Amino acid sequence: MSTNIDHIKEEHHHQPSGLMRWITTTNHKDIGSLYLWFSLLMFFVGGFMALIIRAELFQPGLQLVVPGFFNQMTTMHALIMIFGALMPAFVGLANWQLPMMIGAPDMALPRLNNWSFWILPFAFTMLLSTLFFQGGGPAAGWTLYPPLSLQGGNSMPFVIFSLHLLGASSILGAINVIATILNMRAPGMTLMKMPIFVWTWLITAFLLIAAMPVLAGAITMLLTDRFYGTSFFTAAGGGDPVLFQHIFWFFGHPEVYILILPAFGIISTIIPAFSRKKLFGYDSMVYATASIALLSFIVWAHHMFTVGMPLAGEIFFMFTTMLIAVPTGVKVFNWVATMWRGSMTFETPMLFSLAFIILFTIGGFSGLMLAITPADFQYHDTYFVVAHFHYVLVPGAIFAVIAAVYYWLPKWTGKMYNETLGKVHFWMTTVFVNITFFPMHFVGLAGMPRRIPDYAVQFTDFNMIASIGAFGFGLSQLLFVYILFKTLRQPVTAADKSWEGAEGLEWTLPSPAPYHSFDTPPKVD
Amino acid sequence: MKSVKSTITKLSLVVVAMYGFSYALVPIYDTFCEITGLNGKTNEVAYTGSDIEKENRFIKIKFISNVANSAPLYFEPAVTEMTVQVGKPYNTHYVMKNNSTKQLHTTASPSVTPGKFAEYFKKIECFCFNQQTIDSGEVKDLGIQFVVDNDLPTNIGDIVLSYTMFDITNKVVEADKL
């Protein structure tokens, strides 16, 4: 361990300045910041695409864009938000927090860490460049189902290669996280003493390692089907397009937990801090997270109930899917029990966490509705599904990321954000997120299909409401950027322990946190 | 740092194994479909057995056809339904016409509905075992010889045999160039 610390210290002296500092950095905080800024940029790129979609759907008929471009927007919006905004945001938070939380000087593999990040800008440049190709970008949906995705334009190999790069980046990041957590904890910090955010990230990293290679395999098969004459999915050669759906969702369902488990960790950190109580049921939180992760590998076919599975298959996937509600329910009850009789205060991170619990649970309930196979035949590929996964991803995962940024910003920068502006940001975001996504439940139940640029006139009112909400939500996030820059321009005033009820090793460090977190490992009892 | 190295080695093995698993899913899926009779896949090589005995039981077979991706082909069954005796071999055929101005290469993909009865529908001879080459304007009869296995459960409804015809000219021409 000590050789590693000396090595890092030595590098500190030779640190280049300016742009080269960021390109060559192996420091976990620098790389964490790069990930978070990149994620914010992608959040706005993907958000801009969402606004194009909502503008087109403001009224029935085709007004702004042609259907082909609309399909490119729905496809790209999903790819950018999943792989560009959410996953890098969580990896950025892991980079900043994990070494500080477990009492380590840095991540276990600093150079690999640098590489994991710098793959991303190239991958997304390639992905976004396909929009300017003749024939445009990918338009078959982010799930890339054949035969449609095999019939697309020239963008397809570029999209697949950029997905390969993103997968490689995620796998390298996950290996780094596991190597750090398993090998670099401070003496005395046993696994069951780790902060819950560290636990959720450890489990997420294992999900990434198990799921991302399967995506790589699936898209490689698409590529060889299209260009090398194989017939994995082409029916003419004896292949089966439904097979792709099985392989894709074998990756895809763990993927949606990759997007939410770190969020659970963030909420489980923030709720105790502002309730001034220890997290209720720490052990059960760990076991619940692990159970959700394991179950995620045996529920994939609930994304494809309508492909013509046998009854036994439908029933199996229905019940395993519903089983996930048990560990998830344990988590929600634990959060509520943590707040019970706590001395609660309602600063911005806490407000976002509270909204998370309520709105994520709404998304969970609509998920249960979708799990019911006979009902799913009605809901499948409607706006009800869109409402469901946006409720778990926007006021779920994204709210958790925003809460985490507000919560740890004083530790990262030594500067406290403006609480009033933070609360304004919270209320605008929460009101508009519901205006955007709640009406989608209604149009979905009434039968409006997803991924369609035009719709029947009876859906107009709810679509107008949703579009107004979407533009309000987008504008509210400009306030978030304003708050961030305003905070960064303040003088350093934040206390080492920025929140009264905050617990954990990171709060024993000065604010802003020093460049190298723990040169000598702290003692944990 | 030795422990870090061993962690990396183990995790890399998991990554490689999971990549391999994605490919392993292909035969697993095929085997699973075969055992459970999902997808209505019929035998892909000719049935040559002789242990099927005639039974005094009759069942209706319906024949349907599809042309994939609007290929320039006429492709229809010669008869759309037959009442057949279980255990007795029958002959029928489909008719295909090339409506384009060039020679085409085609292949057909069969499917039986309900899928779980596919294993009882035995093809002794079928055009779907081979690819076809058809000249511009040519009309071809594509024959099938089949027998319904006497293990077929009783009190079932009709069986539907469907063929989807694919134009694979581009693939064949490209393969010839190599």
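What share of the 525 residues in chain A is buried? Buried residues make up 61% of them, where buried means under 20% relative accessible area, exposed means over 50% and partly exposed lies in between, with a 1.4 Å probe and protein chains only.

1. Basis. This is a predicted model, in which local features need pLDDT of at least 70 and side-chain atom pairs count only at pLDDT 80 or more, while totals for chains, interfaces and linings use all residues. Residues are numbered from 1 along each chain as its sequence is written, chains are lettered from A and ligands numbered from 1 in the order in which they are written, and side-chain values use heavy atoms, with hydrogens and water left out.

2. Chain A, fold and dimensions. Chain A has 17 helices and 0 strands; helices (H or I, at least four residues) and strands (E, at least two) are DSSP runs, numbered from the N terminus. The C-alpha trace spans about 65 × 50 × 45 Å along its principal axes.

3. Chain A, contacts and surface. Of the contacts in chain A between residues at least 6 apart in sequence, 83% join residues at least 24 apart; a contact means heavy atoms within 4.5 Å. Chain A exposes about 19500 Å², with 71% of it supplied by carbon and sulfur atoms. Accessible areas come from the Shrake-Rupley method with a 1.4 Å probe, and for residues only the protein chains shown count as cover.

4. A:S155 and A:G136. A:S155 lies in helix 6 (residues 155–183) of chain A and is buried, at 3% relative accessible area. Leaving out residues up to four places away in sequence, A:S155 touches A:T130, A:F133, A:G136, A:G137 and A:P138. A:G136 sits in the loop between helix 5 (110–129) and helix 6, and counts as buried at 7% relative accessibility. With the same exclusion, A:G136 touches A:Q72, A:T130, A:L131 and A:S155.

5. A:H77. This residue is in helix 4 (residues 67–102) of chain A. A:H77 counts as buried because its relative accessibility is 15%, the cut-off being under 20%. Apart from residues up to four places away in sequence, A:H77 touches A:G46, A:M49, A:A50, A:I53 and A:H390.

6. Chain B. Chain B has 2 helices and 9 strands, in the order α-β-β-β-β-β-β-β-β-β-α from the N terminus. Its radius of gyration is 22 Å, whereas a compact globule of 178 residues would have one near 16 Å. The C-alpha trace of chain B spans about 75 × 50 × 25 Å along its principal axes. Of its 178 residues, 40% count as buried. Chain B exposes about 10000 Å², and carbon and sulfur atoms supply 53% of that area.

7. Interface. Chain A and chain B bury about 2400 Å² between them, 76% of it on carbon and sulfur atoms; buried area is the accessible area (1.4 Å probe) that two parts lose on being put together, summed over both. In chain A, A:N183, A:A236 and A:L243 lose the most area to chain B, together 19% of what that side buries. The contact takes 34 residues from chain A and 26 residues from chain B.

Definitions and conventions: Rg over C-alpha atoms; globule rule 2.2 N^0.38 Å.
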